[in-house]
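The sequence and structure come next.

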Amino acid sequence: MPGPGILSDGWFREESSMWPGQAQGLKVEKVLYDQPTEFQHLTVFESDPKGPWGTVMTLDGAIQLTDYDEFVYHEMLANLSLTCHHKPERVLVIGGGDGGVVREVLRHKSEKEGVVQSVELVDIDGAVIDQSKQHFPQIACGLANPCVTATVGDGAAFVHNAPDNVYDVVIIDTTDPEGPASELFGAEFYKNVRRILRPGGIVCNQGESIWLHRPLIEKMMSFLKKDIGFTTVKYAMIYTPTYPCGSIGTLVCAKSVDTDLTVPRRPVESLGFADELKYYSSDMHRAAFVLPRFAAYLNE
Ligand code: SAM
């Protein structure tokens with residue numbers, strides 16, 4: 001039985017109750033992996049070679065990444081957070097089992113200051129890590145770095161059990177709230193995230209789309225500020241063609257009052273790898289926090 005969205009006419013169609021009445025389609029050249037895991041249905045397929053998208057990963061029928069545009073979201077999550085921290089030595093990634101965020105975080109290890117010392121990744125699904133290593137080696141490459149530890153486990157339980165004040169940056173790269181990531185969009189989880197951040201710490205997440213999920217974004221911004229106590233909470237917009245509506249975002253939160261999230265403290269242009277990036281720059285950083293008029297109130 002083919003996984004969700006894999007149709008008998010040779011196309012993948014991304015339908016979901018989280019974006020009702022719309023669907024994005026990709027032509028399937030070859031299905032490379034299509035199995036239920038303990039937590040979700042994982043599919044990897046090669047798209048039409050006449051198109052640009054290359055190999056595609058979906059979970060429960062929702063596109064997670066494609067070869068062609070994966071760099072957008074991964075560069076933004078890693079650099080929006082790390083460049084605003086004065087010395088991000090210890091980084092935690094929740095989710096992100098494909099390795100894309102880790103690959104980008106590791107650029108901050110090889111910069112001239114060599115600032116990142118360790119990266120811990122916690123993904124609930126070992127099959128995502130395994131299949132990414134097999135079908136997306138250019139994305140999973142960082143997982144083999146000796147300063148990276150990859151653990152298979154629930155991110156909510158991990159942060160619940162982690163000691164206070166240990167991480168400089170936490171990056172939450174999860175699936176959507178319907179499914180195994182549901183708790184990772186709740187206040188209890190973020191209470192622990194704030195607790196395990198050192199003073200000056202920064203967290204950012206997979207913050208969904210202003211076109212589809214503004215009620216969720218509003219609710220999260222409200223509890224992150226009022227109930228959890230982050231001093232600054234801002235939404236940054238990220239243009240990604242293969243996420244629903246071509247747009248995703250990230251909620252970026254600071255633990256300390258002296259952190260400005262909208263302007264990089266350590267501009268990437270001074271770090272020695274800016275030319276390797278394809279989307280993120282200091283200009284893109286500042287621009288990401290400028291929202292269209294209908295959503296501008298989120299950052300006011
Ligand atoms: N940026 C992608 C997107 O939004 O389409 C997300 C990519 S990444 C593959 C998402 C990862 O979150 C998956 O590997 C999934 O297994 C992981 N995940 C979901 N729930 C989780 C949980 N409770 N704890 C840790 N990882 C979780």
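Predicted model: local features only at pLDDT ≥ 70, side-chain atom pairs only at ≥ 80, totals over all residues.

Another side chain, that of Asp-154, has an N or O atom 2.8 Å from a nitrogen atom of the ligand. On the backbone, a polar atom of Ile-63 is 3.3 Å from an oxygen atom of the ligand. A polar contact here is a pair of N or O atoms within 3.5 Å.

## Cover and shell

The ligand has 600 Å² of accessible area on its own, and the protein covers 99% of this (Shrake-Rupley method, 1.4 Å probe).

Around the ligand are 25 residues, of which Gln-40, Tyr-73, Asp-123, Asp-154 and Gly-155 come nearest; a residue counts as near if one of its heavy atoms lies within 4 Å. The shell divides into 10 nonpolar, 10 polar and 5 charged residues, with Gly counted as polar and Tyr as nonpolar. Strands β5 (62-66) and β7 (118-123) each supply at least two of the shell residues (strands are DSSP E runs of at least two residues).

## Confidence and conventions

The protein averages a pLDDT of 97, and 99% of the residues score at least 70; pLDDT is the predictor's confidence in each residue, from 0 to 100. The model scores ipTM 0.98 and pTM 0.97.

Residues are numbered from 1 along each chain as its sequence is written, and side-chain values use heavy atoms, without hydrogens and water. Local features need pLDDT of at least 70, side-chain atom pairs count only at pLDDT 80 or more, and totals for chains, interfaces and linings use all residues.

Notes. Polar contact = N/O pair within 3.5 Å; in protein donor to acceptor, adjacent residues only side chain to side chain. Helix = DSSP H or I, 4+ residues; strand = E, 2+ residues; numbered from the N terminus.
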